[in-house]
Protein chains: 2
Amino acid sequence: VQPEVTPELIRGAAERIHAMVRRTPLMTSRGFDEAAGVRTLFKCENLQRGGAFKIRGASNFLLSLEPEELGRGVVAYSSGNHAQAVAMAARIVGSTATLVMPRDAPRSKVEATRAQGATILTYDRLRESREALGARIAAETGATLVPPYDHPWTIAGQGTCALEFLEEAPELDALIAPVGGGGLLSGCAIAARSLKPEMRIFGAEPELANDTYLSLAAGHRVEIPVPATIADGLRATSPGQITFPILSRTVEAVLLVSEEEIRTAVRFLLARLKILVEPSGAAAAAAVLHGKLPKNVRAAGVVLSGGNVDLDTLARFL
Amino acid sequence: VQPEVTPELIRGAAERIHAMVRRTPLMTSRGFDEAAGVRTLFKCENLQRGGAFKIRGASNFLLSLEPEELGRGVVAYSSGNHAQAVAMAARIVGSTATLVMPRDAPRSKVEATRAQGATILTYDRLRESREALGARIAAETGATLVPPYDHPWTIAGQGTCALEFLEEAPELDALIAPVGGGGLLSGCAIAARSLKPEMRIFGAEPELANDTYLSLAAGHRVEIPVPATIADGLRATSPGQITFPILSRTVEAVLLVSEEEIRTAVRFLLARLKILVEPSGAAAAAAVLHGKLPKNVRAAGVVLSGGNVDLDTLARFL
């Protein structure tokens, strides 16, 4: 039986993963505030270990396993940041990791995962099912599958991001995070509301990957075709079974951003804040920069969720 | 009579400028350590207000002036980061700034300076003397000239960077900073030695802009032609009158880096640490990355001195 995602579960995760993650810095930019028309604070998970928030969930998951389970190894499927995080967490706790990655995953993410000592299996995104591949490996080796978002341990780990954010910036009245499968946003929503019950929660999705937007509008989980957005970390085709009910009861709105709005945000963050944020990681910043928050928000907390982008891909943006 | 640059002068500067500068974060990277072969800590002055360490010296200088002097305004000449810092400091303390900038200064630096409300005068780097222009403006308007490096107030302000660095990382046994006119390195050397007398001090210069390297070798200030390095903030043609004697008695060696080594460091910092560092700001990191420190250094403290680079210039690097 899986535990419910409660504030206590997230607090426990924060203690558990303390030594395995960075307390990432907050940043502000007068130029961004002026362009966006709202005071904005950024939580820089692009500066997190492994370059993304994913290490929070992966390390909480692995540290919640029994020693004998860790001994049999872990397996995960991911286009990149989750793979790297699982590989890193496995290395640190002395387990072994097998990662199932799409053949067209960003090179930097594949290389960074391999550098952590993990075994990598690639698959054809259009012909093969990563879920089936992951399940087969788990069955054959006894390894434990580490879900990228749809598990209470993963969600609780991701939620620790908002605990840190609110501890340092209690003045926030809105929290905005990108939504792929919804693990980051659902964990952050529960954590933030536990510290500040009136906190307004917003998601940000590419227009091309609007599965959570559509699902919240429909009142049930909607499945979309694999989206072609440049935000490769937000290509989930539907919100999770566990994340969706949490999002349904906490999220005020999902803000949609165009591909060009995402690119503009990546450029702005690079030129003005001097930090590299990947397209997926910049979706929430893009929404705020382009004025999509309600006008009565006074202090917006934006999660910059990752920074792993190939430099040749980046060069095409500039 | 100008004061001597003492640890007390730097400590006074730290108190004075406290509200006007950011306490910039330290960063580390396992990947960098492995590539460089030495444990390295980075002081991220590229994340400083105005995108460079220069605000430290400029704000200390302006806050050391009398109110009537501030009322007559300030003037400075600079290819960019010092200009922006003086403009920003003037805006904050309610003074007015006139900046003399070369016509070919990076566009981002000119725009950022103008955005601070300063008056900008451009000059032809090959035909006109910025010193003469600055002096004429000062004489005509009664404005005070804010030297970019060769003044005790400026040097003391820059030195506050090392106070913060050593407070947070007392384990450092070597400090490496880029050298243009030498204000940052001389201030940091005095500050660092006051906290840790055995600290080893290194400068980093482009091979193309080796005026301090040559001057230390010669035992007196050597003047070189205007260098063509991509590190536009390190194009000083000789070390300062005040900075040179300080560098002479504190610096163990100036490490020279090629243009390609600088570019490689900019790329590495962007891809792996997810931060944007301008070529001048990456010179010290380039030296460490390419193994130019003595092999017995155990913990290297590298100042990343600035991050202001046009994105189209950056795109050519990637």
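**Cysteines and the chain contact**

Reply: Start with Cys44(A). This is a predicted model, and in it Cys44(A) counts as buried because its relative accessibility is 0%. A disulfide needs two cysteine sulfur atoms within 2.5 Å.

Now chain B. Cys188(B) is in no disulfide either; the nearest cysteine sulfur, that of Cys161(B), is 4.4 Å away. Cys188(B) also counts as buried, since its relative accessibility is 0%.

Next, the place where the two chains meet. Here 22 residues of chain A are in contact with 22 residues of chain B. Together chain A and chain B bury about 1800 Å². Carbon and sulfur atoms carry 64% of that area. Between chain A and chain B there are 8 residue pairs in polar contact, with both residues at pLDDT 80 or more. The count of salt bridges between chain A and chain B is 0.

Which elements of chain A give two or more residues to this side? They are α12 (259-273) and α14 (311-317). The most comes from α12(A), with 4 residues. By class, the side of chain A that touches chain B holds 11 nonpolar, 6 polar and 5 charged residues. Those 5 charged residues sit on the chain A side, yet the count between chain A and chain B remains 0 salt bridges.

Note on methods: Residues numbered from 1 in each chain as written. Chains lettered and ligands numbered in written order. Predicted model: local features only at pLDDT ≥ 70, side-chain atom pairs only at ≥ 80, totals over all residues. Heavy atoms only, no water. Buried < 20%, exposed > 50% of the residue type's maximum accessible area, 1.4 Å probe, protein only. Contact = heavy atoms within 4.5 Å. Buried area = accessible area lost by both parts, 1.4 Å probe. Salt bridge = Lys/Arg side-chain N within 4 Å of Asp/Glu carboxyl O. Polar contact = N/O pair within 3.5 Å; in protein donor to acceptor, adjacent residues only side chain to side chain. Nonpolar A, V, L, I, M, F, W, Y, C, P; charged D, E, K, R; others polar.
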